[in-house]
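Thank you all for coming.

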Amino acid sequence: MNEANSQQNPSKFNDIGEILGILRKRKNIIIWTTVICAVLTLFVSLFIITPKYSSNTDILVNRKAENNQVAPQAQIQADVQMISTYKDVITSPTILNAVSKELSKDGYSVSSKELKKEINISNQQNSQVFTITVKGDNPKLAADAANTIAKVFKQKVTKIMNVNNVTILSKAVENTKPVSPKVLLNTIAGIVVGIVLGMILAFTADGLDRTITDESFITEELGLNDLGIINEIPANKVKRMISSKRIASRGTRKRRV
């Protein structure tokens, strides 16, 4: 068993060594692929993708118990459960169509379908407060849309649900810092993709390379005899040798004359 393990371990180390050797030999491919992917991702994030801005408003659901007929704890639970229904009401055409008309008075042209795509409603577990978040290409539009949604919802929910338990806690304000695209995160992702793609290209290029770089390939793989090694001389070195011989021969001719 020990002999078998000792025979397997060198092969594993050889495989790792070959992989590292290929990566070192083709490192230029990996580097350039990584740089190109990172630059392309950065360019797209900064100049191609339209920035998105976000604003949010908080709404409290809290109805006062009338004549103490309902226990406070039970009333709170009822209000918390109503939030799920309110989420559906806010994204319904009844609310969003009214919001779209209100925004058109301020010079915005936004349909109810477009509003629905940009709205996100969230709340913490067992919390009576939920948050309406609106994204848009314009920070002022995002803030105005969030505030208008809260105002219209508060007005209409009384008639729709026959309750009066909605209070606007905080109004949305303009946020000039875009929430997307995330330039740093996208660039890091581009670098990772570039490294992986560069490694794939490196192994592909090495697999397609039929150049013989080791004499053992001739003797072991092809079963041919090794007759000798011919060293490669760089072209610039050959030119220097030829030019130096010409200069030397010219000097010898001048001495003879």
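Predicted model: local features only at pLDDT ≥ 70, side-chain atom pairs only at ≥ 80, totals over all residues.

Which residues of H4 are buried? They are Ile95, Leu96, Ala98, Val99, Ser100 and Leu103, where buried means under 20% relative accessible area, exposed means over 50%, and partly exposed lies in between, with a 1.4 Å probe and protein chains only. Residues are numbered from 1 along each chain as its sequence is written, and side-chain values use heavy atoms, with hydrogens and water left out.

Helices (H or I, at least four residues) and strands (E, at least two) are DSSP runs, numbered from the N terminus. Helix H4 covers residues 93-105, and its 13 residues reach 18 Å from the first C-alpha to the last, close to the 18 Å expected at 1.5 Å a residue, the expected span being 1.5 Å times one less than the number of residues. After H4 comes Gly107, with a positive phi near 95°.

Ser92 is buried, at a relative accessible area of 18%, and a polar atom of its side chain lies 2.5 Å from the backbone oxygen of Val89.

Let me turn to two other loops. Asn126, in the loop between strand E2 (119-123) and strand E3 (129-136), has a positive phi of about 60° although it is not a glycine, and it counts as exposed at 56% relative accessibility. Pro181 is in the loop between strand E4 (166-170) and helix H7 (183-208), and the peptide bond from Ser180 to Pro181 is cis, with omega near -5°.

Methods:
Polar contact = N/O pair within 3.5 Å; in protein donor to acceptor, adjacent residues only side chain to side chain.
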